[in-house]
Amino acid sequence: MNNGVFIPIEIMQREYTSKLLLSVELIKRGMPVIIGHKSSVFKLALESKEPGILFYKSSKNKAFETLIKKKFGIVAQDEEAGIVYKHFEDFYKFRHSLGLIGKLNLFFTWGKDEYSFLTKKFDKNIVKNYGALRSCFWGDFGKKLYQKKINILNKKFGNYILIVSNFPTYNSYVGKNKLKELQVNFRGYDPNQPDLLHNNEKKIFNQYVKLAKILSKQLNKTVIIRPHPGESLKGWK
């Protein structure tokens, strides 16, 4: 008997629906679930008198070592898939937390590229290619769930094109210098690495701007930009 599955949520808009779906499926199978904001869920896990399972992302977290000592199982999936990188290896080098996979009990990959690369570095019994939680909503199931919102947006914007961006290193709302300071001090990045990331994202960001203009003119459709929560709206405007 264990104390159930602890599911911390870092960014509500990004993770809540998919992790709620996981929670429902676990409860159906008789597993207790503790889901909520990450600070509260970690606190409850650390206070737990019985071992459980923590489902988070492969991230350096001070609580991990304590929970492992409490006999917790630690399973994870990265919230980002690195799909903007031509080769997954480049994403792996940037995403330092992926180097911690060997300390986990299980790590779930999004797809074959990620799985193929990671199984060459880590135990195949740890790395499992089960797909991403959020991909459950990419088909008919998601369309049915979000139909009401889809109708509202279609009524408001017509036949629009949505562009989702993720450029918080170049287009950060805290500014380049402050972001570099945070990444070096709190993420342990090489002092030169944020500059490389900044310049790389700048190129892609400008390509996105050109893409939005081309789509709008050639197809005569409204283009909607949905920035990353860490991005500056001013930069897009």
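Is isoleucine 83 buried or exposed? In this predicted model, isoleucine 83 counts as exposed, because its relative accessibility is 77%. The residue is placed in the loop that runs between β4 (73–76) and α4 (88–94). Its C-alpha atom lies 9.7 Å from that of aspartate 113, a residue 30 positions away in sequence.

The strands were examined next. An open sheet is formed by 6 strands, with parallel pairing and the order β2-β1-β3-β4-β5-β6. The edges are taken by β2 (33–37) and β6 (127–128); each has a single partner strand, so one side of each is left without a neighbour in the sheet. The parallel pairing of β2 with β1 (residues 5–9) extends over 5 bridges. Within this pair of strands, glycine 36 in β2 is the residue opposite proline 8.

Helix α1 (residues 12–28) lies across β1, β2 and β3 (53–56), and its direction makes an angle of about 165 degrees with β1. A nonpolar patch on the surface consists of Met12, Tyr16, Leu20, Val24 and Ile35, which together have about 400 Å² of accessible area. The most is given to this patch by α1, with 4 residues. Valine 24, which belongs to helix α1, counts as partly exposed because its relative accessibility is 39%.

Backbone geometry was considered at two loop positions. Most residues other than glycine have a negative phi. Lysine 71, although not a glycine, has a positive phi of about 70 degrees. Lysine 71 is located in the loop between α3 (62–69) and β4 and, with a relative accessibility of 67%, counts as exposed. Asparagine 220 is likewise not a glycine and has a positive phi, of about 55 degrees. At 69% relative accessibility, asparagine 220 counts as exposed.

The count of salt bridges comes to 13. One of them joins the side chains of lysine 43 and glutamate 47, with an N to O distance of 2.7 Å. These two residues are 4 positions apart in helix α2 (residues 38–47), so about one helical turn separates lysine 43 from glutamate 47. Glutamate 47 counts as partly exposed, at 48% relative accessibility.

Glutamate 89 counts as partly exposed at 40% relative accessibility, whereas lysine 93, at 53%, counts as exposed.

Arginine 95 and glutamate 80 form a further salt bridge, in which the closest N and O atoms are 3.6 Å apart. This pair links distant parts of the chain: arginine 95 is in the loop between α4 and β5 (106–108), glutamate 80 is in the loop between β4 and α4, and the two are 15 residues apart. Arginine 95 counts as buried because its relative accessibility is 12%, which is under the 20% limit for that class.

Salt bridges also link several residues into a network, made up of Glu10, Arg14, Glu15, Lys19, Lys38, Lys57, Glu79 and Arg134.

Terms used:
Residues are numbered from 1 along each chain as its sequence is written. This is a predicted model: local features need pLDDT of at least 70, side-chain atom pairs count only at pLDDT 80 or more; totals for chains, interfaces and linings use all residues. Side-chain values use heavy atoms; hydrogens and water are left out. Two strands pair if DSSP finds at least two bridges between them. Contact means heavy atoms within 4.5 Å. Axes are lines fitted to C-alpha atoms, for helices over the stretch in contact, and angles run from 0 to 180 degrees between N-to-C directions. Patches are made of residues with over 30% relative accessible area and no salt bridge: like charges are joined within 9 Å, nonpolar side chains (Val, Leu, Ile, Met, Phe, Trp, Tyr) within 5 Å. Accessible areas come from the Shrake-Rupley method with a 1.4 Å probe; for residues, only the protein chains shown count as cover. A salt bridge is a side-chain nitrogen of Lys or Arg within 4 Å of a carboxyl oxygen of Asp or Glu. Buried means under 20% relative accessible area, exposed over 50%, partly exposed in between (1.4 Å probe, protein chains only).
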